[in-house]
Amino acid sequence: MVQIIPAILSTTEADYDRDISRYSGSRAFQDGWVHIDFMDNVFVPNKSIDAGSSAKYPISLHKEAHIMVAHPKEWIDGLISANFERIIFHVEAEDDKNECIDYIKGKGVQAGLAINNATPIAKLEPFLGKTDMVLIMSVVPGFQGQPFIPESLDRIKKLVQMRTNGNFSFKIGIDGAVKDTNAKEIADSGADFITIGSYLLKGDIDENLETVWEKING
Ligand code: DX5
Ligand code: ZN
């Protein structure tokens with residue numbers, strides 16, 4: 001069954017504190033995961049809090065980091081110290097991807113590769129045997145609340161096919177502009193993880209999540 005992972009993208013510690021407390025306090029996510037976005041203002045035109053800031057607010061949820069940064073290598077140790085259990089960096093990043101995946105996994109942490117819509121899926125091929133997950137970006141990364149890129153559905157289906165053909169075991173996630181109106185077709189396309197930010201945070205998180213589940217199951 002598909003897993004819904006709430007997303008948080010904060011440019012200040014105050015915003016992070018507010019939103020992480022809201023997710024931690026929601027009934028539905030008690031033992032689940034949270035997707036925390038990090039940005040360097042180089043890879044994307046926006047800057048977030050850093051791993052050290054996240055460490056200041058301990059939570060019981062499992063944390064995955066989505067690092068939208070040019071040099072993931074510079075972030076990995078800090079994220080591991082801050083108790084992140086999955087680190088997702090971009091296939092478009094400048095550092096050696098194999099080295100990063102090996103380093104993350106060597107520390108007993110899951111590694112994931114995110115891919116922007118403008119990047120051909122074939123760019124992932126060399127890493128599909130070793131990455132724990134692939135994150136399909138369904139928005140241009142950098143901000144919450146953007147429009148959904150419809151081609152993302154075909155990209156999920158293509159990846160499902162590549163996983164079957166290659167007998168790989170990586171999970172497939174989607175990130176960006178998921179809401180009640182598109183969650184079902186995303187789940188039906190074969191995504192294992194669905195990341196949702198602004199749709200959940202607007203209003204009551206548990207009610208919004210319930211609406212999404214009704215659509216997926218309906
Ligand atoms: C986009 C981020 C997403 C974002 C999701 O740059 O990587 O994880 O927080 O938020 P929504 O669901 O509002 O697109
Ligand atoms: Zn993200």
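Q: Hi! How many nonpolar, polar and charged residues are in the lining of the largest pocket?
A: Going by this predicted model, that lining has 11 nonpolar residues, nine polar ones and four charged ones.

Q: And what volume does the largest pocket have?
A: Its volume comes to about 300 Å³. Of the 24 residues lining the pocket, Gln144, Gly145, Ala177, Gly197 and Ser198 are the closest to its centre.

Q: Which elements give two or more residues to that lining?
A: Those are β1, β8 (193-196) and α7 (198-201).

Q: Which residues come nearest to ligand 1?
A: There are 18 residues around ligand 1, and Asp37, Gly142, Asp175, Ala177 and Ser198 come nearest.

Q: How does that shell divide into nonpolar, polar and charged residues?
A: Eight are nonpolar, eight are polar and two are charged.

Q: Nice. What lies 2.6 Å from an oxygen atom of ligand 1?
A: That would be an N or O atom in the side chain of aspartate 37. Histidine 66 also has a polar side-chain atom 3.1 Å from an oxygen atom of the ligand.

Q: What about glycine 197, is it a backbone or a side-chain atom there?
A: With glycine 197, a polar backbone atom is 2.8 Å from an oxygen atom of ligand 1.

Q: Last one: how much of ligand 1's accessible area does the protein cover?
A: The protein covers 100% of the 380 Å² that ligand 1 has on its own.

Terms used:
Residues numbered from 1 in each chain as written. Chains lettered and ligands numbered in written order. Predicted model: local features only at pLDDT ≥ 70, side-chain atom pairs only at ≥ 80, totals over all residues. Heavy atoms only, no water. Near = heavy atom within 4 Å. Polar contact = N/O pair within 3.5 Å; in protein donor to acceptor, adjacent residues only side chain to side chain. Areas by Shrake-Rupley, 256 points an atom, 1.4 Å probe, with all protein chains shown as cover. Nonpolar A, V, L, I, M, F, W, Y, C, P; charged D, E, K, R; others polar. 1 Å grid on protein atoms, 1.4 Å probe; cavity = no way out; pocket = protein on both sides within 12 Å on 5 of 7 lines; lining within 4 Å. Points joined across faces, edges and corners; volume = space filled by probe spheres on them. Helix = DSSP H or I, 4+ residues; strand = E, 2+ residues; numbered from the N terminus.
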